[in-house]
Structures are given as C-alpha cells and as structure tokens.
Amino acid sequence: MNRKSLRKSSLSLAALVLMLTTVLSACSGGGSTSAGSGDSGDSSKGGKVTLTFETSVYAEEPHKKAIDALIAKYNEINPNVEIKVHGTDYENFWDKLTTEVIAGQQGDIVQVYPENINTYNSLVEGGAFVNLDEYIKGKDLETDLVGQELTQIDGSYYAVSNYAWGTTGIFYRKSLFEQAGINPDDVKTLEDFKEAAVKLGKDNQYGFASVVGSHPFVASEWYRLVARPVSGGIYFADGEAGPYTTDRINVNSEANVWAAKWWQDFINNPQATPPGTRDKKVGREMFWNGQAAMNMDGPWFIGMTKERDQALMDDLGLLPQPVVQYNGQDYKPNPTMYPLVAMISKSSKHADEAWKFLEWMTTPEAQAIISGSGMIPSSKTYANTDEYTSENPLAAQFFEYQENLYGPAVMDPPIPQQGAMSKILVTAAEDMFIGKKDVKEVLDKAATEMKYTIE
C-alpha cells in the first residue's frame with residue numbers, strides 16, 4: 001500500500017472509531033454528542049416543529065446572548081417552532097461535526113465559515129447539505145449580504161450569510177499606551193508594532209497577547225499578521241487561488257519562511273509576548289487584566305469586552321493591522337473576512353422551516369439583535385444605517401480599515417482537503433513557535449505533507 005492510500009485508510013479508520021465511540025457513549029446513557037435532526041411535525045398545520053442549530057460560537061457569552069435572543073424573538077412570531085442550539089468550544093466543534101456529518105447526525109442548521117462549506121459537504125457522497133439556489137439566486141439576499149459570494153460550490157449556493165462578519169485589527173489598552181509614552185497613531189508598520197510591544201513589556205506585563213499553545217490560533221495569528229501579506233497565500237500562491245495543484249503549494253515559499261523566522265523571534269522576546277498562552281481565551285483574559293497591552297481580534301471582541309467589564313470600554317482602543325515591509329516593499333494587511341454562514345442539512349425533516357428561520361435572520365429586526373454579538377451584522381443595508389454606526393463606533397472602524405487600509409481579504413482555499421491541510425499547518429506552527437525548530441525544515445515538511453493530501 002502506498003503512502004497516500006495508507007493515509008486515506010488511516011483517516012477513514014479514525015473517523016470510524018470516533019463514530020463508534022460517539023454511538024456507544026450515547027447508548028451507555030452518557031448523552032448523545034450529536035445534534036440530530038428535528039422531530040416530525042408541520043408548523044403550518046399547527047404541529048410542533050423542532051429544529052436543531054449547531055454553531056461553534058455559542059460557547060462565547062456575547063454570541064450566546066445574541067442567539068438566545070434571536071430564538072426567543074422568532075418563537076414569539078412562530079410559537080410552533082422550537083429551536084434547540086447545540087454548541088461546543090471552537091477547538092472541539094469541528095472534529096465533532098465531522099463525525100456527525102459522516103454518520104448523518106448533524107443538526108438541521110449548521111453554522112460554519114465559508115472555507116468550511118466544501119470540506120463538510122463533501123464528506124458524504126452527493127453532498128451533505130441542501131443546495132440553496134432557489135432561495136437565494138436572483139434575490140436581494142444575493143447582493144445585500146456580506147460574504148454571500150463566498151458560499152458557493154461550483155456556482156451554487158450551499159449557505160446563507162445571515163448572521164454577522166468581522167475581520168481583524170489590534171486592540172490596545174489606552175492607559176498602558178499612555179503610561180509607556182506611545183502614540184497609537186505612530187504604530188503603522190510591523191516594526192512599529194514590534195517596538196511598541198517590547199516597550200510595553202515590563203514587570204509581568206507584556207506588549208502583545210499572542211497564542212503559544214496547541215490552539216489553531218498559534219498558526220493563524222502568524223499568517224494573518226505577517227505571512228499572508230508578503231506571500232499572498234499560506235497554502236497556495238496568488239491569494240489562495242486555484243488551480244489547487246501540488247506545484248502551487250506555497251507554505252514553504254521564501255516569503256513564508258521569512259515571515260516564520262520573524263514571528264519566531266518576536267514571540268520569543270520575553271518583553272513582547274508572554275510564554276505559554278495556550279489558547280486565545282488566556283490571551284484575552286491577560287488583556288482584560290492589564291497583563292497584556294495589545295490583542296489581535298475582530299469586532300466580536302468588543303462585545304466580549306463589554307460583557308467582561310463595561311468599565312473597560314473607556315480604555316479600549318483599536319488599530320489597523322500594520323503594514324509589512326519586506327524586501328524593500330510595503331505590503332498592505334489582508335486579513336481574512338469572517339462571515340458566519342448557515343447551511344441546511346439534507347437529512348433535515350424540516351428544510352423549509354429551517355429556511356424560514358434563516359431568512360428571517362436577515363431582516364432588520366433580527367440584524368439589530370445580532371449586533372449584540374459584537375460582530376458586524378451581515379446585512380449591508382442594516383450595517384450602513386446611522387443608528388448602527390453611531391451605536392457601534394469601534395466596530396464601524398473595521399469598515400474603514402477594510403475599505404481604505406487593507407488589501408483584498410484572503411480566504412482559506414474552499415476545497416475538501418482544507419481541513420487536513422489546516423491541521424498540517426497547525427502542527428507546523430507548533431513545531432516552529434513552541435518547539436522552536438528550524439522554520440525552513442518544518443515548512444518543507446509541511447509542503448510535502450500538503451502535496452500528499454491533494455494528490
């Protein structure tokens with residue numbers, strides 16, 4: 001058996017073992033770990049309909065409050081529809097969803113990011129999720145929802161961008177900048193950012209709360225802030241564009257190697273970054289506690305901060321991601337746009353009812369509720385209202401960054417192999433940034449493994 005076949009067999013066996021573990025756990029009385037589809041019934045005939053809704057963000061308090069409020073409002077309008085939310089922490093959500101999709105046990109509604117659509121849809125022959133063209137194509141939804149164009153597979157829509165979106169910037173504590181004598185307007189380039197982080201580090205205080213642990217952010221913070229602006233792509237060249245062939249693997253390009261060395265040096269500076277921040281939650285807590293002066297995050301962090309301590313809002317500032325200077329050229333930041341999008345399971349008994357709820361989420365009434373999540377509502381019409389921008393001035397800054405300071409957003413490649421490639425990249429990042437291994441050797445190995453994945 002060749003290496004490629006062995007790898008595929010191993011993945012299939014692992015998935016099977018995971019499924020059997022899930023089933024046995026449910027049968028032993030431990031409670032099902034899968035969402036399943038809703039019960040039978042027809043709300044139009046007065047029957048009770050139950051829809052299950054899976055999301056990776058429900059573990060975060062601002063999202064939980066927004067989603068609970070959405071469901072409560074929808075239940076007022078449609079008392080015969082019950083919506084049950086199934087969620088777990090971000091790190092565990094994706095493996096759990098893989099198991100459920102293979103077993104046909106995913107929820108009626110599954111909320112993901114655009115780069116996840118093809119990965120999970122392709123786990124089942126013929127596709128695991130409903131083609132939504134009849135609901136979206138030629139309708140206002142097609143043009144009014146941020147990121148809707150990113151939800152297509154072979155020209156057809158498989159999700160609706162009906163919740164909210166965000167990109168990333170650098171949040172900072174105004175008081176700590178002032179104490180250090182740093183003018184935030186002077187932090188424009190990557191080197192300015194590094195100098196500020198080092199200057200802010202003192203007496204158990206750090207400049208930047210980076211993730212140095214086994215969390216996916218150990219890779220994504222590096223490539224969003226440094227690598228992708230200079231290389232154009234971590235997985236493939238030219239902005240992660242196709243064709244997605246082995247000769248276009250870009251992870252070990254000269255620019256990405258430079259970016260990895262820069263980041264390795266940066267996070268090993270004891271003044272600039274704290275050691276051992278195992279996940280994003282720890283870094284955020286350090287920021288809120290005043291142990292870290294800067295934190296890379298999106299508009300959702302505004303809601304998190306407000307939920308954590310309203311008084312912190314007066315000390316919360318926001319900077320755009322810095323310009324990266326490499327080989328004598330300036331490169332604009334190009335952070336990923338993160339719209340949360342929703343798919344409908346083919347195994348759902350209530351696809352039409354599920355769509356009615358998802359469509360209602362795009363209305364001004366629902367989008368106003370969603371704004372409480374801290375992210376930017378997906379409806380362009382609603383997010384551009386004076387009411388929204390005046391009530392959410394920090395979040396509105398992200399519009400300015402995206403329009404005037406950032407380059408075109410670079411998304412992960414929308415291919416079925418993306419999940420496996422992402423795991424390879426996270427392992428490589430752990431080796432470089434935790435294990436402090438030679439970056440060229442690590443990225444060359446990652447390139448070889450990625451090639452086997454897509455062959």
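In strand S13, Val 341 is the bridge partner of Val 112. Strand S3, which spans residues 109-112, pairs with S13 in the antiparallel sense over four bridges; two strands are taken to pair if DSSP finds at least two bridges between them. Strands (E, at least two residues) and helices (H or I, at least four) are DSSP runs, numbered from the N terminus.

## The model and its confidence

This is a predicted model, in which local features need pLDDT of at least 70 and side-chain atom pairs count only at pLDDT 80 or more, while totals for chains, interfaces and linings use all residues. Residues are numbered from 1 along each chain as its sequence is written, and side-chain values use heavy atoms, with hydrogens and water left out.

The predictor's confidence in each residue is given as pLDDT, from 0 to 100. The chain has a mean pLDDT of 87, and 89% of its residues reach 70 or more. Over residues 1-33, however, pLDDT stays under 50, and for this stretch the model has 23 contacts beyond four places in sequence, a contact meaning heavy atoms within 4.5 Å.

## The sheet that holds S13

S3 and S13 belong to an open sheet of four strands, in the order S2-S1-S3-S13, whose pairing is mixed. Its edge strands are S2 (81-87) and S13 (341-344), each of which pairs on one side only, and the twist averages 25° from one strand to the next.

Two helices lie across strands of this sheet. Helix H2 (residues 61-77) lies across S1 (49-55) and S2, and runs at about 170° to S2; such angles run from 0 to 180 degrees between N-to-C directions, with axes fitted as lines to C-alpha atoms, for helices over the stretch in contact. Helix H3 (residues 90-103) lies across S1 and S3, running at about 135° to S1.

## A second open sheet

Another open sheet of four strands has the order S8-S9-S7-S10, with mixed pairing. Here the edge strands, each pairing on one side only, are S8 (206-208) and S10 (316-319), and the twist from one strand to the next averages 25°. Within this sheet, S7 (residues 169-173) and S9 (residues 292-297) pair in the antiparallel sense over four bridges, and Gly 169 stands opposite Asp 297 in S9.

Helix H13 (residues 300-308) lies across S7, S9 and S10, at about 135° to S9. Helix H18 (residues 393-405) also lies across S7, S9 and S10, running at about 5° to S10.

## Two helix pairs

Helices H9 (residues 217-231) and H11 (residues 254-267) pack at an angle of about 145°, with their axes 9 Å apart. Among the residues that make this contact are Trp 222 and Leu 225 of H9 and Trp 258 and Trp 262 of H11. By class, the contact of H9 with H11 has eleven nonpolar, two polar and one charged residues, where Ala, Val, Leu, Ile, Met, Phe, Trp, Tyr, Cys and Pro count as nonpolar, Asp, Glu, Lys and Arg as charged, and the others, Gly among them, as polar.

Helices H19 (residues 418-433) and H20 (residues 439-454) pack at an angle of about 170°, with their axes 10 Å apart. That angle makes H19 roughly antiparallel to H20, a term that applies to angles over 145 degrees, whereas angles under 35 count as roughly parallel, 65 to 115 as roughly perpendicular and the rest as oblique. In this contact, residues of H19 including Ile 424 and Leu 425 meet residues of H20 including Val 442 and Leu 443. By class, the contact of H19 with H20 has twelve nonpolar, one polar and two charged residues.
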